Amino acid sequence: MDTNQLPKMNMNASETGCCPSFNPEGWDNRAITFENKLFVKTKTRSIFHIPINMGSVFKRTMKNIEDAKASPSDSYLILSYDPSAWTSEHFIAIDKEVPNESTTTLTGKYQTKVFEGPYRDARKWVSQMAEHMKSSDKEMKKLYFFYTTCPKCLKYYGKNYVVAFAEVK
């Protein structure tokens, strides 16, 4: 896979008018390389890793991205990382700068693994990803999660796919 490229997605496959239906094919056990890949960086507040203002933050941020016409046309990616039980950082892939939003770039090599199940299994997924990396003789620097659907769309689609992105040392 080329640098800064993600598996292609059918962005028109949304039956909800929100999140497109996620097809996990092409995402599991992938090596992905980012070189100055552009993202909007935003933060949400949490209580013991449960987000409390994610809806309002994402609504504002996504509107700014849409208004700037900065969304990639053939994929989407929101990487989430919890530096503490009280805050989460979210990195939303974009194609160009977005006014009124903080932008950053990510550079590194990442290994992916697809999980399916309820959000409460995240702690299990962290352990399973650590074991997966260890069995692959790779050392994990940082772990992000790509939650492929929002809670509303999860209820509609009936599947909750989450892609772990382990930054490799």
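This is a predicted model: local features need pLDDT of at least 70, side-chain atom pairs count only at pLDDT 80 or more; totals for chains, interfaces and linings use all residues.
**Stop 1: the largest pocket**

Select Met54, Phe58, Ser80, Tyr147 and Thr149. Of the 43 residues that line the largest pocket, these are the closest to its centre. The volume of this pocket is about 1,500 Å³.

Now colour the elements around the pocket. Those that give two or more residues to its lining are β2 (50-51), α1 (54-67), β3 (78-84), β4 (87-93), α2 (122-135) and β6 (140-147). Which element supplies the largest share of the lining? Select α1, which contributes seven residues. If you colour by class, the lining shows 26 nonpolar, twelve polar and five charged residues.

**Stop 2: the second largest pocket**

Select Asn4, Gln5, Leu6, Lys8, Lys37, Leu38, Pro72, Asp74, Ser75, Ile94 and Asp95, the lining of the second largest pocket. Its volume is about 170 Å³. The lining here consists of four nonpolar, three polar and four charged residues.

Keep Lys8 and Asp74 on screen. What joins Lys8 to Asp74? A salt bridge does, and its closest N and O atoms are 2.9 Å apart. Lys8 is in the segment before β1 and Asp74 in the loop between α1 and β3, so the partners come from distant parts of the chain, 66 residues apart. Lys8 is exposed, with a relative accessible area of 57%, while Asp74 is partly exposed at 28%.

**Stop 3: the nonpolar cores**

Select Trp27, Phe34, Leu77, Leu79, Phe146 and Phe165. The largest nonpolar core has 20 residues, and these six touch the most other members. Strands β1 (31-47), β4, β5 (103-116), β6 and β7 (161-168) each supply at least two residues of this core.

Centre the view on Phe146. Which residues does Phe146 touch, leaving out those up to four places away in sequence? They are Phe22, Trp27, Tyr76, Leu77, Ile78, Leu79, Tyr161, Val162, Val163 and Phe165.

Next, select Leu38, Ala70, Ile78 and Val98. They are among the eleven residues of a second, separate core.

**Stop 4**

Select Lys41 and Glu89. Their side chains meet in a salt bridge, at 4.0 Å from N to O. Lys41 belongs to strand β1 and Glu89 to strand β4, and the pair links parts of the chain 48 residues apart. Glu89 is buried, with a relative accessible area of 12%, whereas Lys41 is partly exposed at 28%.

Then select Lys141 and Glu167, whose side chains form a salt bridge at 3.8 Å, N to O. Because Lys141 lies in strand β6 and Glu167 in strand β7, this pair ties together parts that are 26 residues apart in sequence. Is Glu167 buried or exposed? Glu167 counts as buried, at 9% relative accessibility, but Lys141 counts as exposed, at 54%.

**Stop 5: two backbone angles**

Select Asn29, in the segment before β1. Its phi is near 55°, a positive value in a residue other than glycine. Asn29 is partly exposed, at 46% relative accessibility.

Finish at Lys69, in the loop between α1 and β3. Lys69 also has a positive phi, about 50°, although it is not a glycine. How much of Lys69 is accessible, in relative terms? The relative accessible area is 68%, and since exposed means over 50%, Lys69 is exposed.

Conventions:
Residues are numbered from 1 along each chain as its sequence is written. Side-chain values use heavy atoms; hydrogens and water are left out. On a 1 Å grid over the protein atoms alone, a cavity is a set of points where a 1.4 Å probe fits but cannot get out, and a pocket is an open set with protein on both sides within 12 Å along at least five of seven lines; lining residues have an atom within 4 Å of a point. Grid points are joined across faces, edges and corners, and a volume is the space filled by probe spheres set on the points. Helices (H or I, at least four residues) and strands (E, at least two) are DSSP runs, numbered from the N terminus. Ala, Val, Leu, Ile, Met, Phe, Trp, Tyr, Cys and Pro count as nonpolar, Asp, Glu, Lys and Arg as charged, and the others, Gly among them, as polar. A nonpolar core is a set of buried Ala, Val, Leu, Ile, Met, Phe, Trp, Tyr and Cys residues joined through side-chain atoms within 4.5 Å. Buried means under 20% relative accessible area, exposed over 50%, partly exposed in between (1.4 Å probe, protein chains only). Contact means heavy atoms within 4.5 Å.
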